[in-house]
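This report describes one protein model in plain terms.

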Amino acid sequence: MNRKLPVSAALAGLYVFSLPAGNPVRNGSFEEAGGNGVPANWSFFRRNEASVTVFSTAPGVDGEKCLRIVSRMTDKISHRFGVLTQLVPLQPDRNYTFSFAARGRNVGNAVWTFGRDWRIRIPVTGVTGEWKNFRFPLRIPAGQLEGEGACGIRLVVEGVCSELDIDDVKILPDKEQLVMNGDFLGEAGKLPPGWAFRISRKAEVKFSVGDQGDSLQIVNATARKPNVYGALSQTVKLLPEIDYVLRVRARGSGQGIAVAVGTKWNHRLQIQPLEQEWRDYELLFRPKADEVGKDRSAPLVIISESLTQGVWIDRISLEPKVRPNLPRNAWQERGIYRVDRFAGNFDSLKSIPTGMPAMTLSVPEDKKNFSAKIALASDCEGVIFLADATDSSGRAGNIRDLNRLQLRLDRGAHDSISPGKPALEIGFSVEKEGGAYRFRCRAGQGASAGELPENQVRTHGLRTPSGYFLAARFSWELLGEIREKRRFRFSVTAGGSEASPHRYVQALFDDDRPALWVTFPDEPVAEQLKGTLLLANATGDVRIGAELIDSAGKRISREIAAIPDVAGGELVQLPLILALDGLACGKLTVDFKVNGKAVERHAATRIDLYEQQKKVVAGLCTELERLKKEFAAHYNGRPYSEYVSAPLNILDRHLPLLQKRLEQARSDGERNYYAAQAAMTRQEITETLSELAEQLAFLRNGGSLPVAWKLESGRISLENGWPVASAVSENNEKTRRPMIFAGYGHFSDIDRDIAQFPGIGANVVQVEIGPHHIFTREGTGSEFEITGFLLKSRLLPLLKEAHRNNVKISLLISPHYCPAWLLKKYPDMAASSGFLRYEVTHPKAREMMQCYISALFRELKTGAGPYLDALHSVCLSNEPSYANCHPDNPYSAAKFREHMERKYGSAAAFNRIAGSNFTDYDEMLRSISKGNPAAQYEFYMFSRETFAGWHRMLAEAVKKELPSMPVHTKIMVFSSPFEYVSGVDPELMSDFSDYNGNDNYFF
């Protein structure tokens, strides 16, 4: 047979729909007989006289019969096979579970195939003499259908098959889900269908279906190293800017297991801590627009990047936190009103009909006297407005004086209300006799006020014991485009005051035609159309898309969403993001489609981002210059408040430079880069300019801003947990006071800009230096001699400049910068993984760091002189991780044995406490990889204590040279404390730290 492709190629689906229940396979139990021994509803064909036969036999797995297939072929021969076939109704790109029961002997070459090209293949393997059930995920791409909603299912035998019995063949739709085969169904020991596997940098990682055929097993023999991992992935479809929940179950022993979502892998569910029993893990996240593709595709990746003895994962799922399709009773919770069709007699209405959606209206300043239930509906003559009011104010009389209820309607069915799009406004009241009055306060183009004629508005009303009831019907002629567009905005207020706030509600007609309401800003855009989308009156599996047409006639289709199982009366509400790349600048036409049928057309304009941002930045620069001049006039030579000068200085350094770069950009790359930078900073710059304008107005009206204090160079002391430093106020007062330090780090731009930092509110920078900067080569008199120039060429001059400009330096001594010559000389010192490239317990590692710290601070004390007090603190390490501590590391193993002997004495003593039976600590080390919890606990505690002890040694070495110098370590508090392999314990670190450091790049 020549139609062969791997099953994974066809099972790697993108999105999921739910389907009607039921098994589309007819006679899958083979109980019904057909002609020539072939079961009813099935056909059988032999190609090239293949010696394959099929017939019914007994008993089946449940019923009386099953299907038996026998092949007398001794070898597999190309284009010679027997095939059992049935055409079944299936939908494209839907998730199913295909299942069957089988038993037999000597089954060599049997395979189920699906689709027109027989590309989707599920081999029949693992068959024994006893009945066994098999389940596999199945998805049929649209291109593999063999007719409208039909797909061929085939059992092909093309080689040796002494006897194969098949029964209970089913194809059942899966429950709604985004993840395909999240239960990891498949053949034990093989990759699960629907998932793709890859490794990075020769990681020794294995992903496979577990022994029971329904979970994923992960084994990783590679210690943690940068960019070394194994990954199992599939593509899912997500909507940007809505919340999703990622869930998974896991058990076992190992480190570095995570599930990431999105193109940037920013959203990660860390599978920690792990236990031997199943445990549930959950992550709430919101993908950004640049984290999903233009077709909403996004990777879902299971990552293994550290030693893992055995971890099992199951039931991975991904779903919106809140479903985008809202039931009837939830529309109003989202500010949407459902306009039902009214089939009764309008003239006989005396109350709001039961079941009709209603809103509650009240007057905040008159809650005790007035409230009302408001409803809208439609019939063949127009839109009906109903109000059932409770009004105990006793006020009645001339409507033109009272105007108790006001209704505003957007007759143009616009996407927003603005002064340029006036609404129809109508006021109502009910006289004591019960007659309802109405008059037009303002019509679409400013028509004069006056009572509307009956052919435009019909009304009636009556007094009730508690108030009154009002019914009004507006003719379709009066309502303009509302009937055609089947949507509008409206507002209802009470009280008759022009000052009453109008809060507009979106309304959609609930009838038998899809009603789509897309809103996005009117102004031109450069990269994306962003807005919201509402869809009513669509049921079943709904696909929403758009076709964009530019001024040159180019057409591009975009898929917006695929929503499964939308029920009658439900409203779909989604964020809208349409990428415009590939389209020409200028006018665009956007045709929105529901299930392939155009239902709404919009116009948009695309502009060049570069040209747009040039204009934007020019405008921002103009506003900055205006504010600078007006502040200068206000202060008239007096010193500015720091609350004014700091943001002005920041903007004055950034905006003119950005404008210059935009104007001088020549290549497309430069234009795109600086335009993107301008777009990225635009909102914050605009807000800052606005705040400065408010400050200016405040000052002009006699206000005064708080007095600001700035750091003065000098000694820092820690008092009651706060750094206390010399400070000077704007009024030139001087004192020592608690000081908050904020600033930048830590590259060479600091040297250039340090004099500018005080003017922008910064008073500390971080600078790093490491052992390889000091010990650039092996010394001649001793191994560790100062041979580098960085200390004198950069660090000492920078301390002087920092002192001169009242800026402090937090010095990172970067122990991870180990001299290459040292690792070459002592290869056993090199670490197999981790940020630190050497084993910290190696004697030479300790010697190197002690010599380094001693030499560094000896030179600083000698060379810096009075400028040494520019040091704020010493950071011992950055993002520390002790990944090299593992049982297979001989240094770790030796130190662990010493640790256990100090802590417990003999292994027998430990056994008595832990209830274990280790013969010695070597056996205990071996049991760690097997998941023994007592051994793992002791080893990971040893790792943390050892790593903390190494940092304590660094702290003591610093304190020996500079006893009052504060020290700290920048641990990654968002991850390190929760990963056993990191060896980081915040509490142990805090014992010898003056500050509790945190390097959190997610902040």
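## A nonpolar patch

Leu-191 sits in the loop between strand S10 (161-173) and strand S11 (196-200). Helices (H or I, at least four residues) and strands (E, at least two) are DSSP runs, numbered from the N terminus. This is a predicted model, in which local features need pLDDT of at least 70 and side-chain atom pairs count only at pLDDT 80 or more, while totals for chains, interfaces and linings use all residues. Residues are numbered from 1 along each chain as its sequence is written, and side-chain values use heavy atoms, with hydrogens and water left out.

Leu-191 counts as partly exposed because its relative accessibility is 40%. Buried means under 20% relative accessible area, exposed over 50%, and partly exposed in between (1.4 Å probe, protein chains only). Together with Phe-197 and Ile-199, Leu-191 makes a nonpolar surface patch of about 240 Å². Patches are made of residues with over 30% relative accessible area and no salt bridge; like charges are joined within 9 Å, and nonpolar side chains (Val, Leu, Ile, Met, Phe, Trp, Tyr) within 5 Å. A salt bridge is a side-chain nitrogen of Lys or Arg within 4 Å of a carboxyl oxygen of Asp or Glu. Accessible areas come from the Shrake-Rupley method with a 1.4 Å probe; for residues, only the protein chains shown count as cover.

## A negative patch

A surface patch of negative charge gathers Glu-684, Glu-687, Glu-691 and Glu-694. Lys and Arg count as positive and Asp and Glu as negative, with His and the chain ends not counted. The place of a charge is NZ of Lys, CZ of Arg, CG of Asp or CD of Glu. Glu-687 belongs to helix H6 (residues 668-700), and its relative accessibility of 40% makes it partly exposed.

Ser-208 is part of strand S12 (residues 205-209). Ser-208 is buried because its relative accessibility is 5%. Beyond four places in sequence, Ser-208 is in contact (heavy atoms within 4.5 Å) with Gly-189, Lys-190, Ser-215, Leu-216 and Gln-217.

Met-356 lies in the loop between strand S22 (336-341) and strand S23 (359-362). At 12% relative accessibility, Met-356 is also buried. Its contacts beyond four places in sequence include Asp-340, Phe-342 and Leu-386.

## The whole protein

The protein has 16 helices and 49 strands. Of its 1003 residues, 52% are buried. The C-alpha trace spans about 105 × 105 × 65 Å along its principal axes.
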